[in-house]
Amino acid sequence: MDIQIDRVIMDEDQIQAAVKKVAGEIRRDYVGKRPVMVPIMKGAVVFTADLLRELSDIEFDFDYVDVSSYAHGESTGELKVEVNVRKDITNRDVILIDEVIDTGLTVDFLIKEFTKLGAKSVKTVVAVDKKAGRKIEIEADYVGADVPNEYLLGYGMDLDGSHRFLPQIVAIKA
Ligand SMILES: O=P(O)(O)OC[C@H]1O[C@H](OP(=O)(O)OP(=O)(O)O)[C@H](O)[C@@H]1O
Ligand SMILES: Nc1nc2[nH]cnc2c(=O)[nH]1
């Protein structure tokens, strides 16, 4: 597939500033609470590595889920759970980590799942927020930066597996 980059939405410095901002907010709210950090793979892989190294001065536990719903650049609206959480999250404060919130369907689904599993609280941190993309009413609790409602690549975001590890966040030509 021929992917043409249109423009850079966030460069590496802007991304790192966004990581530091949300890390500061999470540190303030969770120090001493030992939350369970749960990235939503695969897209969250890069943001998670940055965020959790930034938070290495507080205590937390770690697990991950692998959930996907996008194919060929579009939300199918159907969540496929490849790997579910294995840690016992009963009565635990959980922080879901994702690189982007768009329709909101992924985090909404997982918040409901984790609440059913007995979590004490489930909050969400995202690197970027496409607020205009929402299909349901839901907000992330910690947002690195707001971005336009265009299909983005890089910093974990892919198109059918391509461009996921681009260090910048870019928009592509339609
Ligand atoms: O708010 P939403 O519209 O639900 O979109 C956000 C989700 O979309 C992407 O996942 P994707 O389904 O592409 O799977 P991947 O993480 O494995 O690439 C991204 O990593 C988020 O998890
Ligand atoms: N790659 C990619 N995945 C997404 N999932 C939800 N929104 C996006 C996006 O803009 N780009």
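How many nonpolar, polar and charged residues does the shell around ligand 2 have? By class, that shell has seven nonpolar, no polar and three charged residues. Here Ala, Val, Leu, Ile, Met, Phe, Trp, Tyr, Cys and Pro count as nonpolar, Asp, Glu, Lys and Arg as charged, and the others, Gly among them, as polar. Keep in mind that this is a predicted model, where local features need pLDDT of at least 70, side-chain atom pairs count only at pLDDT 80 or more, and totals for chains, interfaces and linings use all residues. Residues are numbered from 1 along each chain as its sequence is written, while chains are lettered from A and ligands numbered from 1 in the order in which they are written.

**The two ligands**

- Ligand 2 has Y70, V100, D102, K130, Y151, L152, L153, M157, D158 and L159 around it (a residue is near a molecule if its C-beta atom, placed from the backbone, lies within 6 Å of it).
- Ligand 1 is surrounded by 17 residues, and the closest are G43, S68, Y70, T103 and T106.
- Sorted by class, the ligand 1 shell has five nonpolar, seven polar and five charged residues.
- Strand 4 (65-71), strand 6 and helix 3 (105-116) each give at least two residues to the ligand 1 shell, and strand 6 supplies the largest share, four residues.
- Helices (H or I, at least four residues) and strands (E, at least two) are DSSP runs, numbered from the N terminus.

**Helix 1**

- Helix 1 covers residues 12-30, so 19 residues, and it reaches 26 Å from its first C-alpha to its last, close to the 27 Å expected at 1.5 Å a residue (the expected span is 1.5 Å times one less than the number of residues).
- I15, A18, V19, V22, A23 and I26 are its buried residues. They cover an arc of only 135 degrees around the axis, which puts them on the same side of helix 1 (the arc is that of the directions from the helix axis to the C-beta atoms).
- Over on the other side of helix 1, D13, A17 and R28 are exposed.
- Buried means that 20 or more other C-beta atoms lie within 10 Å of a residue's own, exposed means 12 or fewer, and partly exposed is in between, with C-beta atoms placed from the backbone.
- Helix 2 (45-54) and strand 7 (121-129) are among the elements that cover the buried residues of helix 1 (contact means C-beta atoms, placed from the backbone, within 7 Å).
- Just after helix 1 comes G32, with a positive phi of about 85 degrees.

**Helix 2**

- V46, F47, T48 and L51 are buried in helix 2, and their cover includes helix 1, strand 2, strand 6 and strand 7.
- A49 lies in helix 2 too, but A49 is partly exposed because 13 other C-beta atoms lie within 10 Å.

**Strands and how they pair**

- Strands of a sheet pair through backbone hydrogen bonds, either parallel or antiparallel; two strands count as paired if DSSP finds at least two bridges between them.
- Strand 2 (residues 36-41) and strand 4 run parallel and are joined by two bridges, with M41 opposite D66 in strand 4.
- Strand 4 and strand 5 (residues 74-83) run antiparallel, joined by five bridges, and V67 has V81 as its bridge partner in strand 5.
- Two residues sit between strand 4 and strand 5 in a hairpin, where H72 in the turn has a positive phi of about 55 degrees.
- An open sheet of three strands has the order 1-10-9, with antiparallel pairing. Its edge strands are strand 1 and strand 9 (152-153), each pairing on one side only.
- Two bridges link strand 9 to strand 10, and L153 has V170 in strand 10 as its bridge partner.

Notes. Contact = placed C-beta atoms within 7 Å.
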